[in-house]
Every structure is written in structure tokens, then in C-alpha cells.
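Hi,

Here is the structure I promised to pass on. Have a look at it first, and my notes follow below.

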Amino acid sequence: MTGALTALAALIHRTTGMTVPPGRETALRLAVGRAAPGLEPEDYLLATRDPVYGPGLVDRLIDEVTVHETSFARDMPQLGTIDWRALHRAARAAGSDVIRVWSAGCATGEEAYTLALLAISAFAPGTPPVDILGTDISGAVIAVAETGCYRPRAVRALEPLLR
């Protein structure tokens, strides 16, 4: 990698813990181009040091290098094996009446919402004793997840009852 790309990869690592391997130079250069069209990596690196605009540029670069892959009902055979009632018993044995679930790297939230739908189904007709936390390193995708609004195409893999 060039000096600027190496420094940007190090910045990403310091900020997020993610490693951009040397073989991903082209992908990192393209990410810089999407984050700030027309700006070369050297100039982008300098701009990230600006106390006012720099943090936003770092966030935009992180948004560009992260994978935002998610969908409703993704890996349903795996998710379908969750025994919600057994988890509830285990939570109670541990002193809580609530099952706490963390969907790390949830992107736009489809996995977290799928887990919620499955929990609702498992505890129907009552309220599920489940607290689901969806997180992602990308603020942009979390903003989409918070709206909870999806087009028909996004929910097409869900059974009609779950839609």
C-alpha cells in the first residue's frame, strides 16, 4: 500500500479494530473515492486531521469500507433452532425475566427484526420477554435500522404471517 493508504488503514484499525489487509489497496482507494469524490488518499488523510470536519470524514470512510450485508430471514434454518422458551428458563435461572439478545454488526437491522419476529411468534399471544440490541459500526446503516421501514422486496423472504 502507498503511505497514505497504509495510514488510512491504520486509522481505520485504531478507530474500529478492523484490519484492512495490504491486498485490499484497490478497495480502500475506491472507498476513499466514494467517501470524497475527486480527493486523493493523501489529501483525504490530511483532511481527517481537521478538528471540525475530520471525524465526519473518518465516519464516512468507515461506512464505505464496512460490509452492510443483511436481510430478513437470512439463515432461517439456523435462526429457527433458537429455543426461546429454554432461553427464557435460563434467563430466569440467572435472575432475569428477560432474554437479552445482541445482534452485532446488524447493518440496516433486518437480522435484529427477524429475531424479534421469531420471539414474538414463540411467545404468542403474549408479549415476548426479549430485549434485542442491534449495533453496527456504521452510523448511516443504524439510522436506517432505527426507522424500521422496509420495502416489500426486503421482506419477501418472510412468511406472510411474519410480514
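To start with, is R34 buried, exposed or partly exposed? R34 has a relative accessible area of 46%, so it is partly exposed (buried is under 20%, exposed is over 50%, and partly exposed is in between, with a 1.4 Å probe and protein chains only).

A word on the ground rules: this is a predicted model, where local features need pLDDT of at least 70, side-chain atom pairs count only at pLDDT 80 or more, and totals for chains, interfaces and linings use all residues. Residues are numbered from 1 along each chain as its sequence is written, and side-chain values use heavy atoms, with hydrogens and water left out.

Back to R34. Its side chain meets that of E64 in a salt bridge, 2.5 Å from N to O (the rule is a side-chain nitrogen of Lys or Arg within 4 Å of a carboxyl oxygen of Asp or Glu). This pair links distant parts of the chain, with R34 in helix α2 and E64 in helix α4, 30 residues apart (helices are DSSP runs of H or I with at least four residues, strands are runs of E with at least two, and numbering goes from the N terminus). E64 is partly exposed too, at 27%.

The rule gives five salt bridges. Another one pairs E25 with R29, at 3.8 Å from N to O; both lie in α2, four residues apart, about one turn of the helix. R29 also forms a salt bridge with E40, with the closest N and O atoms 4.0 Å apart. E40 sits in the loop between α2 and α3 (41-48) and R29 in α2, so this pair ties together parts that are 11 residues apart in sequence.

Now for a charged residue without a partner. D63, in helix α4 (residues 54-65), is buried yet has no salt bridge. The nearest side chain of opposite charge is R60, 7.5 Å away (Lys and Arg count as positive, Asp and Glu as negative, and His and the chain ends are not counted).

Most residues other than glycine have a negative phi, and most peptide bonds are trans. A107 has a positive phi near 55°; this residue lies in the loop between β1 (99-104) and α7 and counts as buried, at 1% relative accessibility. D75 has a positive phi as well, about 60°, and is found in the loop between α4 and α5 (76-79). The peptide bond from A124 to P125 is cis, with omega near 5°.

Cheers
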